[in-house]
Every structure is written in structure tokens, then in C-alpha cells.
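Trainee: I am new to this structure. Could you please walk me through it?

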Amino acid sequence: MGIIFSESDRVFTLHTKDTTYQMKVDKFGFLLHLYYGRKTKGCMDYLLHYADRGFSGNPYDVEKNRTYSMDVLPQELPCQGTGDYRNLAVVIKNADGSYESDFRYKGYKILNGKYSIPGLPAVYAGEDEAETLEIYMEDAVSKVQVTLLYGVLSELNIITRSAIIKNAGTDRIYLKKAQAACLDFVGGDYDFISFYGRHAMERNIQRTAVLHGTQSIGSRRGTSSHQYNPMMILAGRETTEDAGSCYALSFVYSGSFKGEVEKDQFNQTRVLLGLSDELFSYPLETGEAFFVPEVVMTYSSTGLAKLSQNLHICFRTHLCRGKYRDCVRPVILNSWEASYFNFTGNSIYQLAKQAAELGIDMLVMDDGWFGKRDDDYSGLGDWYVNEEKLGESLGSLIKKINELGVKFGIWFEPEGINEDSDLFRSHPDWVLSVPGRDPVRARYQLVLDFSRKEVVDYLFDRMCEVLDQGNIEYVKWDMNRSLSDCYSRVADEQGRVQHDYMLGLYDFLERLVQKYPDILLEGCSGGGGRFDAGMLYYTPQIWCSDNSDAMDRLFIQYGTSFGYPMSSLAAHVSAVPNHQTGRITPFHTRGTVAMAGSFGYELDPSKLSEEEKQEIREQISEYKKYASLAQNGLYYRLSDPFTHEISAWEFISSDASEVLVSAVMLEVHGNMTVNYVRLKGLVSGAMYRDEQSGKLYASDALMETGILLPVEMGEYHAYQMYFTKKEE
Ligand code: GLA
């Protein structure tokens with residue numbers, strides 16, 4: 001049993017295969033956090049300490065006990081109003097204008113299976129794969145009720161957290177802050193690992209010591225953002241890829257968020273993750289409930305590789321959905337870097353013809369096929385096929401492409417709108433903007449008000465009307481700006497608009513997934529501006545970055561790998577000089593780097609030499625050979641590109657019988673140093689055969705010293721090595 005409640009000491013213990021999470025209802029009804037870490041027995045309430053602390057107040061009902069303070073005790077639901085002056089999970093503005101709450105324990109329920117959250121993405125599991133713990137808390141004065149939700153997926157070492165906040169009082173209240181997860185560590189010294197970036201250079205890794213004060217990451221952009229990813233790691237100071245304790249928290253949400261790490265006056269560490277409290281003031285009428293988006297947590301006592309693998313497996317098998325969840329994704333040729341807005345139906349058909357000749361599975365027609373859209377000044381919002389530009393109907397173009405044996409996919413950006421569009425001319429009030437103020441433009445576009453059902457309904461119908469014109473097997477869902485002017489003409493309160501926008505977006509995506517279960521959805525937001533667990537619930541892959549330069553991609557993909565399965569990272573081979581950096585890299589290297597994710601091309605094959613075309617054919621057959629291993633295997637980072645001369649990674653099957661190692665030289669120097677790549681996760685004492693050379697290697701030596709990379713002239717060489725375990 002994963003969830004145990006001990007009546008005698010009112011302790012809840014959540015066990016997964018290798019971890020334990022524990023909390024206790026104390027004699028005053030506060031829910032105290034006791035422990036999260038490696039699996040253990042017993043009750044950890046001995047970790048709590050009580051002392052008279054100056055300027056740390058005491059709840060009224062503890063009477064003259066000056067050693068009892070919420071400013072010091074570890075908690076599951078720290079809130080404004082109990083004398084805790086650290087960062088808080090929940091802040092509510094009550095009907096009387098006060099901000100105080102005091103949630104005390106009322107009861108619990110343990111259920112089979114994993115809870116789901118109405119209208120929001122969440123990890124799912126079968127009845128026998130998970131358990132749910134509901135803990136009921138209530139503020140006796142305001143009558144606000146909080147149900148804390150814990151999902152325990154034992155085999156996956158995953159614990160999820162969410163909450164339902166209900167106004168059971170008699171007047172409107174406002175939710176001012178709602179964090180789904182709070183982890184309080186009473187001792188220990190930690191590092192905070194986060195992932196920062198910018199457009200075309202997402203998810204760089206940053207590791208800093210947790211110091212006194214608060215370190216916070218977040219987004220107020222209405223999207224999870226290129227700038228900070230909604231996933232964070234707390235690691236022991238000595239923790240490495242292969243050893244040491246670490247915790248990951250990942251927010252299953254694609255809008256504004258806030259992650260906070262605070263070391264308090266007594267050197268205790270508090271970690272919070274949830275909704276951003278900026279631009280947030282959510283009204284709840286009597287009887288209304290708010291569902292706090294979920295946070296996924298995992299713990300590893302054996303380093304960061306295992307931590308990432310836990311998240312990979314959970315997201316791949318219990319968050320992503322649909323036909324493409326487990327199967328190898330089609331190899332894509334995307335028209336964007338091949339021709340940008342400058343195409344016709346015939347040039348798209350010619351691309352598809354090239355795709356057919358090269359063994360590429362699918363042609364994706366990117367931006368520019370609708371409305372008056374020959375650049376990014378106009379047309380966005382007018383989801384009518386531009387038959388004049390295509391020279392034929394969409395249906396006939398798709399049919400011709402399918403006849404070549406090539407699948408067809410298409411680009412949409414449903415949330416965006418140009419002022420120079422028929423949609424804007426007929427519905428200028430459908431955009432987010434404040435009456436009487438000029439809105440902020442980005443990429444010459446505004447944002448449609450997805451918090452309004454009529455807007456979502458209209459766009460959904462338009463999109464279906466296009467999707468029904470032919471055999472469309474893939475949709476790229478793009479979003480090319482951050483939200484601004486978060487004002488909705490129909491909202492009673494503007495502090496709800498950003499979150500209601502997300503609910504509108506998720507409603508649209510859910511309807512799409514239900515109506516077209518066989519379409520492969522790829523998420524995108526100027527590349528990786530909305531690369532988060534929330535989107536993965538609808539789109540099993542996401543365009544990782546608008547930067548397709550193989551060298552930069554090594555860094556972007558390295559950072560992304562900490563939190564997300566490699567199958568979720570769309571990665572394409574593009575032309576050189578690269579369109580984002582001007583860098584020239586070998587074709588083989590570009591293929592090796594893109595094969596780390598869901599593979600494709602982003603170029604015009606007619607501009608390639610015959611040798612390069614032949615290389616594409618070979619790359620595709622290599623990709624297909626290893627795709628299932630990469631999709632279902634365990635992923636290991638074998639080097640840190642930020643500090644090493646090489647970037648290397650590995651996919652290994654769950655029985656460790658097959659291993660694919662990829663390595664790229666990042667630097668070349670005179671009298672070059674030698675580089676060995678050390679493999680991971682092999683069966684100790686076994687022999688492994690390099691399938692290319694036929695040579696046999698001892699697994700322990702491969703893991704201890706590694707395999708030697710050749711020293712070659714020239715920049716950015718890449719190597720792929722495929723090993724199989726020799727039968728005993
Ligand atoms: C974004 C995407 C690109 C491409 C363009 C089209 O930038 O990330 O891949 O689809 O939009 O406008």
C-alpha cells in the first residue's frame with residue numbers, strides 16, 4: 001500500500017518504490033511536513049524541534065507555549081495568517097477585506113487510482129498503478145475549505161500535488177496566491193538548479209547554492225516562457241549525475257508561474273512551485289472552487305540521471321497521450337526554413353516529392369497558407385485556406401502529397417491575431433487589450449482573448465473546418481508572443497484573466513485531442529517558449545527551439561533533458577550556414593544531434609548535393625533503426641557540454657542489452673587532447689560488442705574509463721556507436 005494513515009499518531013506516510021513522504025496532523029490540527037527522501041520506515045516526527053524563538057509568533061490556541069511557531073515548523077499548507085513569515089503557498093483575501101487564514105485538519109480519504117483535475121492537464125494512472133490521498137483542511141472563520149491532493153505513483157517514484165480551494169463562506173473571496181507544492185527541509189545544505197534562457201537559446205542550466213533570502217524563477221508572460229522553465233531541482237551540494245540526493249518539481253501548467261527557494265533564519269529550506277501571484281486575484285463566489293494546477297515531484301538518492309529518468313518515464317507514459325504516445329514518430333520535412341512565407345502549392349508539392357525520394361514520412365506546410373499571409377504583418381486569425389497562393393484547394397494538394405506516399409501536416413497559431421486581418425476588423429474587441437490604451441504589439445500581432453468561450457468556440461470551428469478538408473495527420477500549434485494587456489472585456493475581475501486564458505487554451509486542446517485522436521500535435525511557441533509538462537498532456541512533442549544550429553542545440557537539448565523525455569523534443573536537421581547563427585557544421589553532426597529527439601528536416605532538399613541527399617537516406621534508416629530504443633530506453637547524459645570539450649549522451653534499453661552512444665566534438669585545438677566517453681547503466685561483468693567494428697569490450701571498462709573518441713582534423717565531428725550485450 002502506497003498511502004498509510006496511522007490513527008494513533010495521525011501520521012500520513014506515502015511510499016513509492018524507493019521514496020517516502022511523510023506528514024503529521026499535530027495536536028492543534030496543523031498539517032506538518034515531516035520527511036521526503038529515500039525510502040524509510042518509522043515516524044520522523046523526532047525531526048521537529050521546538051524552541052522559544054524571538055519574533056516568531058505563536059498561534060493563539062497554543063496558549064503560553066512560546067516554543068510553538070508556524071514561523072519555524074515545516075508545513076504542507078503554509079498560509080498567510082498563522083504567523084509564518086516565510087514564502088507562503090496560499091494567500092486569500094476574505095470577504096471582510098482581511099488576508100488571514102488558518103487551515104486546520106478536518107479529515108482525509110484514500111482512494112485507488114490517481115485524481116484528475118477538471119479542465120487542467122494532469123498525470124494519469126490506472127486504478128492499480130496509483131493511489132490518491134485527499135486531506136481536508138478548513139478555516140473555521142472564513143469557512144474556506146482546502147482539499148490537498150496527493151497522487152502516489154509507486155512504481156514510477158512519483159508524487160503529485162494539487163489542491164482544491166473552495167469558498168464555503170457567504171460572500172465573495174479572492175485567491176491571491178496558490179502554489180501547488182511546498183517542500184520544507186528542516187536541515188541540509190542545498191543547491192538550486194534552474195533552467196533559464198531566451199528565444200532561440202532556451203533552458204541553459206544554472207546551479208547555485210541556496211542562500212539566505214529567496215531565489216525565485218517564474219514567468220509573468222502568460223506562457224511558461226523561454227526565460228525560465230517551470231521545473232526546478234533541489235540537490236545536495238555534492239550531488240552529481242551519478243550520486244547524491246536530489247528532488248525535482250515540475251509544474252503541469254503552461255502559463256505564468258512562480259518557483260521559490262528560501263533559506264530561512266534557522267537555515268531551513270522551503271521550496272514552493274505554483275501559479276504566479278502577480279496579475280492574479282481570482283474571485284470565488286460562495287460555493288465556487290478553484291483547482292490549483294498540479295506539480296509533479298520525484299526524488300533520487302543516486303543522482304541527477306535517475307531523477308531525470310523518473311520524470312522522463314512519468315511524462316512519456318503517464319502524461320503524454322494518444323496514438324503517438326508510444327510509437328516512433330514520423331520523420332518530418334518542415335517547410336519553414338526551406339521557404340519561409342514564400343511558397344506555392346506547387347513548391348510544397350515539390351518538397352513533398354523530395355521527401356518521398358529521400359524516405360521522409362511527412363511534409364509539414366508551415367506558416368503562410370491562410371488569409372493574406374506573405375509576411376508576419378498580416379493575415380493571422382484568418383484561418384481560411386489561401387487557394388490563390390496554393391493554386392488549388394487544400395484537399396487536392398493533400399491528396400497529391402498522400403499519393404506520393406507522404407503524410408501531410410499543417411501549422412496553426414490560433415491564439416495570435418494581426419490587426420491587418422478580417423477577424424480583427426470584424427471583432428476588434430476579441431483581443432486582450434485595455435479600452436482607451438494602446439496595446440503592446442509583438443511580431444506585429446496581438447493575442448486573442450482565450451478566456452472568452454465564444455472566441456475559443458469560433459477558432460475551434462474554424463480550425464476543424466480546415467482540418468476536415470483533407471487527410472491532415474499532424475498539427476503544429478504555435479504561439480509567437482507573450483501575453484500583455486491582460487484585460488478581458490467580459491471578465492468581472494481582471495485578476496482572473498491569465499488563468500482563465502489557460503483554461504480556454506486547455507479546453508480548445510482537449511476538444512481537439514478528442515475530436516482528432518489520430519492527429520500528431522506538436523507544441524511550439526517561437527520554438528521552446530511553452531516547453532512544459534502542461535503542454536505535453538496534449539502535444540507529445542514540442543519544437544524545442546527556433547535555433548536549429550546543431551552546436552547550440554547540444555546545449556538546449558542538454559538543459560531540456562533534465563526535465564523532459566527526449567521523444568518530446570522535436571529536433572530537425574537544417575541547412576548551413578545555419579539561419580540563426582551562420583555556423584557551418586557537418587551534415588552527419590546535424591543528423592546525430594537531431595536524432596537525440598523526434599527527428600526531421602527543416603531545409604530545401606533540392607538545394608542539396610547528391611552526396612547530402614544520400615546522407616539523408618542513410619540518416620533516416622539509422623534513425624529508424626534506433627528510434628524505438630531512443631523512444632523507450634533510458635537516457636543518460638554522458639558529459640556536460642558547458643564544461644567539457646565534448647557533448648555525449650546515451651540511450652540504453654531497459655534490459656541494458658542495447659546501447660546507442662552519441663558524441664560531438666565541441667572544440668578542436670592543435671595537438672588535441674584525448675577524450676573518452678564513459679558509458680552508463682551497462683550490466684557489470686558483461687561484454688558488449690561495438691556493432692560497427694565488431695570489437696568486444698568489457699562493460700566495466702566501458703563504464704570506468706570509456707571509449708576513445710578519434711582525434712580528427714576539422715570542427716564539430718560527431719560519432720554514433722551502437723553496442724549490444726553479448727549473450728552469456
Ligand atoms: C515560430 C516557430 C517557427 C515557425 C514560425 C512561423 O517562430 O517557432 O518554427 O513555425 O513561427 O511563423
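Mentor: Let us begin with a term: helices (H or I, at least four residues) and strands (E, at least two) are DSSP runs, numbered from the N terminus. This is a predicted model, in which local features need pLDDT of at least 70 and side-chain atom pairs count only at pLDDT 80 or more, while totals for chains, interfaces and linings use all residues. Residues are numbered from 1 along each chain as its sequence is written, and side-chain values use heavy atoms, with hydrogens and water left out.

Trainee: Thank you. Where does Y676 sit, then?

Mentor: Y676 belongs to strand β33, which covers residues 676-677.

Trainee: And how accessible is Y676?

Mentor: Its relative accessible area is 43%, so Y676 counts as partly exposed. The classes are buried (under 20% relative accessible area), exposed (over 50%) and partly exposed (in between), with a 1.4 Å probe and protein chains only.

Trainee: You mentioned salt bridges. How many are found in the whole structure?

Mentor: The search finds 51 salt bridges. Each is a side-chain nitrogen of Lys or Arg within 4 Å of a carboxyl oxygen of Asp or Glu.

Trainee: Why would such side chains pair at all?

Mentor: Side chains of opposite charge can pair when their charged atoms come close.

Trainee: Which residue forms a salt bridge with E392?

Mentor: The partner of E392 is K400, with 3.2 Å between the closest N and O atoms. E392 is buried at 16% relative accessibility, whereas K400 is partly exposed at 32%.

Trainee: And what does K407 meet in a salt bridge?

Mentor: K407 meets the side chain of E473, at 3.6 Å from N to O. E473 lies in strand β25 (residues 472-477) and K407 in strand β22 (residues 407-412), so this pair ties together parts that are 66 residues apart in sequence. Here E473 is buried, at 15%, and K407 is partly exposed, at 30%.

Trainee: What about E454? Which residue does E454 pair with?

Mentor: E454 pairs with R452, the closest N and O atoms being 2.6 Å apart. The relative accessible area is 42% for E454, which is partly exposed, and 6% for R452, which is buried. Elsewhere, salt bridges that share partners link R172, E285, D492, E493, R496 and D500 into one network.

Trainee: Let us change topic. Is R637 buried or exposed?

Mentor: R637 is buried, with a relative accessible area of 3%. R637 is part of strand β30 (residues 634-637).

Trainee: Which side chains make polar contacts with the side chain of R637?

Mentor: One is the side chain of E241, at 2.7 Å, and another is that of S308, at 2.9 Å. A polar contact is a pair of N or O atoms within 3.5 Å; within protein, one must be able to donate a hydrogen and the other to accept it, and residues adjacent in sequence count only if both atoms are side-chain atoms. Setting aside residues up to four places away in sequence, R637 also touches others, including L304, Y558, F562 and K680. Contact means heavy atoms within 4.5 Å.

Trainee: And where is S548 placed?

Mentor: S548 is in the loop between β27 (541-543) and α10 (550-561). S548 is buried, at 3% relative accessible area, and its side chain has a polar contact of 2.8 Å with that of S574. Beyond its neighbours within four places in sequence, the contacts of S548 include E337, H572 and Q580.

Trainee: Finally, how many disulfides are there?

Mentor: The count is 0 disulfides, a disulfide being a pair of cysteine sulfur atoms within 2.5 Å.
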